[in-house]
Every structure is written in structure tokens, then in C-alpha cells.
Amino acid sequence: MKNLPKGDKKLLNAWAFYDWANSVYTLTIASAVFPIFYEALFSDRDHYIDVFGMHLKNSALISFITAAAFLVVSFISPLLSGIADYVGNKKSFMKFFCYMGALSCMGLYWFDLDNIYVGLLFYFLGLLGFWGSLVFYNSYLPDIAFEEQQDKISAKGYSLGYIGSVILLIINLAMIMKPKLFGITGTDGEAAMKAMRYSFVMVGVWWILFSQYTYYYLPKGSKEGNKLTKSVVFNGFKELKKVWAALKNITPLKRYLGGFFVSSMAVQTVMLVATYFGAQEIQWSSKDESTIGLIICILLIQIIAVFGAILTSRASAKWGNIPTLIFINTLWAIFCALAFFITLPIHFYAMAAAIGLVMGGIQALSRSTYSKLLPETEDTTSFFSFYDVAEKIGIVIGMCVYGIIDQITGSPRAAIVILAIFFITAIFLLRRVHKKDVSN
């Protein structure tokens, strides 16, 4: 179809709707059902397994696999985004990673400890597909929305993502709690595990199905297509170097990236390990209470995050992006410090509510703040590639720190304190960015 003009409502809604399509991955696979399923596999193994020639704790293992996947993403994203921007087909790359991620989620149906390497590969590729597609998705924001629209549509995207993922998770929760109503047979434990496996397949189908609306309206790319030759294969790295060089003359953007790097390191790590922490460190009365309680906590986070994203958008409009980000990072630091002491389910529920309020807000505002600080350029993909590389390297560091402490101590509580220190560091770095440098 003919490309819609920049700022068109239908185009903006189609872009935001991709959050509805792909956020089921972050909720079901990264945050809720898969972590519970993964923990259940180790119920008779005392949380340890011999893999890759080492005796590793299960949560440390998944942290290291996650870090490895993000390391690969940080390496390939500038390469692929540079090529996509050059040949003008960023939508094709976005589709490739979307479908790879969705099909890998379906592959998790066969995850078990007897074939741990195959299962970990599907987990690895699912994560690679999700984050790889986001490189191109995020880069569309300044292409499809004017500056004054970006905060609102960014928040709308996250809100749609939370709503859509909650709908699917509620269905999955019903399947896990009452599997026989959905025709899933076996003993209670076996049926619940089967229901979790089916939920992985549903994530892949949902992701592919609803992304088609986004692909229908998004333009092919921001530039005229050029023929892809061997000489431009490494163009992405050249573009990354150009962005790095340009940052020397864009002081506000350079200062912001420092704060964003440390903040994102902590935020993403918390989001990726929260369920593993809750499963191991909270004193649930039974396995059933643990499964249902953890999913309810994740649902609570998602529902409250919808309002958090909206409130953050309004707060940034009134007080500015940077002061709002500093305030949110302060709350994150406090919550992480308090998390060190929680032991009971009621504590975990309260913490989930608090985390939900600040989770959606910081993600949406971080993305739109970066977009506002960009210089006048058509090469948005390379700048957002740099943004994503900074985010992914931060996650690699955060997950490795968490995994190492978890492996050494046998408990992730000490790692939570380190994450609080990260947020405090981010606050000081963000204070170097002047409010006037970010227009509202």
C-alpha cells in the first residue's frame, strides 16, 4: 500500500501495536511462565545441573545464557541495522527476527533437562529474535512520529504491550490452574507442565499473528533502497563509529547515554530475574501457591505498569524528562534495597505493585528522551543501534554480575544490593543532563 505520511494516526497506531504483538514474549517467556516451568524442572535436583563441563545453579545458568544472547545481539545489531538503513529494508530485518523469535518460543515446547542444550538453544534464539526485532522497531519512532508526538506514542506502545500480554497470560494461568477444562490430560503436576508447554506455542502464534497489522502499515525503510554489496556488509560498524565520533560534539546526548547505560543495566536485570528470585527466596507454603502466586505477581506488575507508563508521560510533560527519570531511578534504588529483606508472599506482592508503577514508565520515557536528544539526521537506525548496543552491553554486565553472585553465594539477595547501587549511580549521571536540553 502507499506509505502514510509521518505523524498519521493510523501509522502511529500500527507502530505502537507491535508492542501488543511482541510483549507476550517478555511476559510469558522472560518473566512468568517459562521461569516457573524452568524452576519446576529442577524440583528434584536441588537447583543444580552439570552443563558445559561445570556444576551450575539453574538460575545462574539461565543468567549466563541470557547474557550470552545479549552479547550476540549487541554485536549483530549495528551490523544489521547499518545494512538495513543502507538498503532501505529495515522492515524485512524486523520481520526476520520476529519470526525467528516466535518460532523459537514454539520450540520451547520440547524443553527438558535430558536435552538441555537444545532447550537452551531455543531460549537463546527466542531472546535473540525478540531483541533483534526491537532494534528496527525502535528506529522507526523518529521516522513515523514528530517530536511532540513521541512521548505519547511511545507510552501508548508500552501500554498496549502490557494489556495484550496480560490477556494472554490470564488465559495461560487458567490453563495451568485448570488444565482439564482445556482438554489437557495427566496428573495435576503433569497437566500443569503440559499447559505451560502449550503456552510457549501460543506466544509464538500470537506474536506472528498480531505483528501483521504493524507490517501492513510500516514503510519499507527511511531511505531509497541501494544494492547490497560485499563492501557494505560492515557498514553498520562504520556507522557506529560515526555515531561515537558525533557524540563528542553532542554533550547532552553523551551524558544521557551514560545514565541510561547504568539504569538500563539494572532495570532489565531486575525484570529478567524477578521470577527466579521469587521462586527461590520467598517462603511459599506449597508448590501450587508458588506457581499461582508468582504469575499473579507478574500480572499485577503488568496491570499497574499500564498506569505507570501513562503517569510517567504526564509527569515528563509537566516537569521534564530528566527530572522524571531521576525520580523514577530513585524509587528503583529504594525498592531494590527493600527487596533484600523480603521473605513472605505478602512482601513479594507489595514489591510487585511498586515495581509495576515504575517499570513501564522508565522504559517508555528512556526511549523517547533519547529520540528527543538526537541531532537532525535521516540516519536514525544507526543512532538507535548505538542506543540498543549500550542497553544490551549493560544487560550483559548486569546478568553476569547477578549470575556470578548467585553461583558463589547460592542466593541472589546480595546481587539485589548491587542493582540498587547501579540505580544510585544512574541518578548522579543523569543529573549532569540539563533539563533545558530535552524539549517537551
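Ile 416 is buried, with a relative accessible area of 7%; buried means under 20% relative accessible area, exposed over 50%, and partly exposed in between (1.4 Å probe, protein chains only). The model is predicted, so local features need pLDDT of at least 70, side-chain atom pairs count only at pLDDT 80 or more, and totals for chains, interfaces and linings use all residues. Residues are numbered from 1 along each chain as its sequence is written, and side-chain values use heavy atoms, with hydrogens and water left out.

**The whole chain**

- The protein chain has 15 helices and two strands. Helices (H or I, at least four residues) and strands (E, at least two) are DSSP runs, numbered from the N terminus.
- The radius of gyration is 21 Å, close to the 22 Å that the globule rule gives for 440 residues, so the chain is as compact as a globular protein of that length. The radius is taken over C-alpha atoms, and the globule rule is 2.2 Å times the number of residues to the power 0.38.
- The C-alpha trace spans about 60 × 45 × 40 Å along its principal axes.
- Of the 440 residues in the protein chain, 61% are buried.
- Take the contacts between residues at least 6 apart in sequence: 84% of them join residues at least 24 apart. Contact means heavy atoms within 4.5 Å.

**Surface and charge**

- The protein chain exposes about 17900 Å², and carbon and sulfur atoms supply 66% of that area. Accessible areas come from the Shrake-Rupley method with a 1.4 Å probe; for residues, only the protein chains shown count as cover.
- There are 36 positive and 27 negative side chains. Lys and Arg count as positive and Asp and Glu as negative; His and the chain ends are not counted.
- The centres of the two charge sets lie 8 Å apart. Each charge is placed at NZ of Lys, CZ of Arg, CG of Asp or CD of Glu.

- Ile 416 lies in helix α15, which covers residues 413-430.
- Not counting residues up to four places away in sequence, Ile 416 touches Phe 277, Cys 336, Ala 339, Phe 340 and Tyr 402.
- Ile 416 and Leu 247 are 169 residues apart in sequence, and their C-alpha atoms are 32 Å apart in space.
- Thr 330 lies in helix α12 (residues 321-339). Thr 330 is partly exposed, with a relative accessible area of 30%.
- Thr 330 and Ile 424 are 94 residues apart in sequence, yet 6.9 Å apart in space, C-alpha to C-alpha.

- Ser 31 sits in helix α1 (residues 9-31). Its relative accessible area is 11%, so Ser 31 is buried.
- The side chain of Ser 31 reaches the backbone oxygen of Thr 26 at 2.7 Å.
- Outside the four places on either side in sequence, Ser 31 touches Thr 26, Met 271, Thr 275 and Ile 298.
- Ser 165 belongs to helix α7 (residues 147-177). Ser 165 counts as buried because its relative accessibility is 1%.
- Ser 165 touches Ser 23, Val 24, Leu 27 and Gln 302, again leaving out residues up to four places away in sequence.

**Trp 206**

- Trp 206 is found in helix α8 (residues 188-217). At 11% relative accessibility, this tryptophan counts as buried.
- Beyond its neighbours within four places in sequence, Trp 206 is in contact with Trp 20, Ala 21, Val 24, Gly 164, Ile 167 and Leu 168.
- Trp 206 and Ala 192 are 14 residues apart in sequence and 21 Å apart in space, C-alpha to C-alpha.

**Glu 391**

- Glu 391 has its place in helix α14 (residues 380-409). With 8% relative accessibility, Glu 391 counts as buried.
- Setting aside neighbours within four places in sequence, Glu 391 is in contact with Trp 131, Phe 260, Ser 264 and Gln 268.
- Glu 391 and Met 265 are 126 residues apart along the chain, and 6.8 Å separates their C-alpha atoms.

**Phe 52**

- Phe 52 lies in the loop between β1 (48-51) and β2 (54-57).
- Phe 52 is partly exposed, with a relative accessible area of 44%.
- Phe 52 has a positive phi of about 55 degrees, although it is not a glycine. Most residues other than glycine have a negative phi.

Methods: A polar contact is a pair of N or O atoms within 3.5 Å; within protein, one must be able to donate a hydrogen and the other to accept it, and residues adjacent in sequence count only if both atoms are side-chain atoms.
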